[in-house]
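Please follow this explanation with the structure open beside the text.

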Amino acid sequence: MSFLHTLKIEERRILREVVKRVHLKHHPKEFCTNREADKVIATIGPEIVEKFIRIGKNTHIDTI
């Protein structure tokens, strides 16, 4: 079972942006959807997700 449902909406938005900019940047634009980002987030695990949220908040990725 995925832990994605435990994340707040803001955390999920930040994570999606981090994943799209880092992990999906070499894929075609039509592939970089929220669903695809959620798939990547579900596979990386909760420990890494916490790190990505912290990085996203520290770099203000949601305002870029």
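Arg21 is partly exposed, because its relative accessible area is 35%. The model in which this value was computed is a predicted one. The side chain of Arg21 meets that of Glu17 in a salt bridge, with 2.6 Å from N to O. Glu17 is likewise described as partly exposed, with a relative accessible area of 27%. Both residues belong to helix H1, and since they are 4 residues apart there, about one helical turn separates them. The general principle is that side chains of opposite charge can pair when their charged atoms come close.

How many salt bridges does the structure hold? The number is 3, and the pair of Glu17 and Arg21 is one of them. Another is formed by Lys39 with Glu36, where the closest N and O atoms are 3.3 Å apart. These two residues lie in helix H2, and because they are 3 residues apart, they too are separated by about one helical turn. Glu36 has a relative accessibility of 18%, and a residue under 20% counts as buried. Apart from its neighbours within four places in sequence, Glu36 is in contact with Leu24 and Phe31.

A further salt bridge joins the side chains of Arg16 and Asp38, at 2.8 Å from N to O. Arg16 lies in helix H1 and Asp38 in helix H2, so this pair ties together parts that are 22 residues apart in sequence. Arg16 counts as buried, at 19% relative accessibility. Asp38 is buried as well, with a relative accessible area of 15%.

Two packed helices are described by the angle between their axes and the distance between the axes. Helix H1 comprises residues 9-22 and helix H2 residues 34-44; their axes come within 9 Å and cross at roughly 90°. The two helices are therefore roughly perpendicular to each other. Which residues make the contact? From H1 they are Arg12, Leu15, Arg16, Val19 and Lys20, and from H2 they are Asn34, Ala37, Asp38, Val40 and Ile41. Sorted by class, this contact has 5 nonpolar, 4 charged and 1 polar residues.

Helix H2 may now be considered by itself. Its buried residues are Glu36, Ala37, Asp38, Val40 and Ile41. What covers these buried residues includes H1 and also helix H3, which spans 46-58. After H2 comes Gly45, a residue whose phi is positive, near 95°.

It remains to look at the loop between H1 and H2, where Pro28 is placed. Pro28 is partly exposed, with a relative accessible area of 44%. Computed along the sequence, Pro28 and Val49 are 21 residues apart, while their C-alpha atoms are 24 Å apart in space.

In review, H1 and H2 cross at roughly 90°, and the salt bridge between Arg16 and Asp38 ties together parts of these two helices. The salt bridge of Glu17 and Arg21, by contrast, has both partners in H1, and that of Lys39 and Glu36 has both in H2.

Terms used:
Residues numbered from 1 in each chain as written. Predicted model: local features only at pLDDT ≥ 70, side-chain atom pairs only at ≥ 80, totals over all residues. Heavy atoms only, no water. Axes fitted to C-alpha atoms, helices over the stretch in contact; angles between N-to-C directions. Parallel < 35°, antiparallel > 145°, perpendicular 65-115°, else oblique. Contact = heavy atoms within 4.5 Å. Nonpolar A, V, L, I, M, F, W, Y, C, P; charged D, E, K, R; others polar. Buried < 20%, exposed > 50% of the residue type's maximum accessible area, 1.4 Å probe, protein only. Salt bridge = Lys/Arg side-chain N within 4 Å of Asp/Glu carboxyl O.
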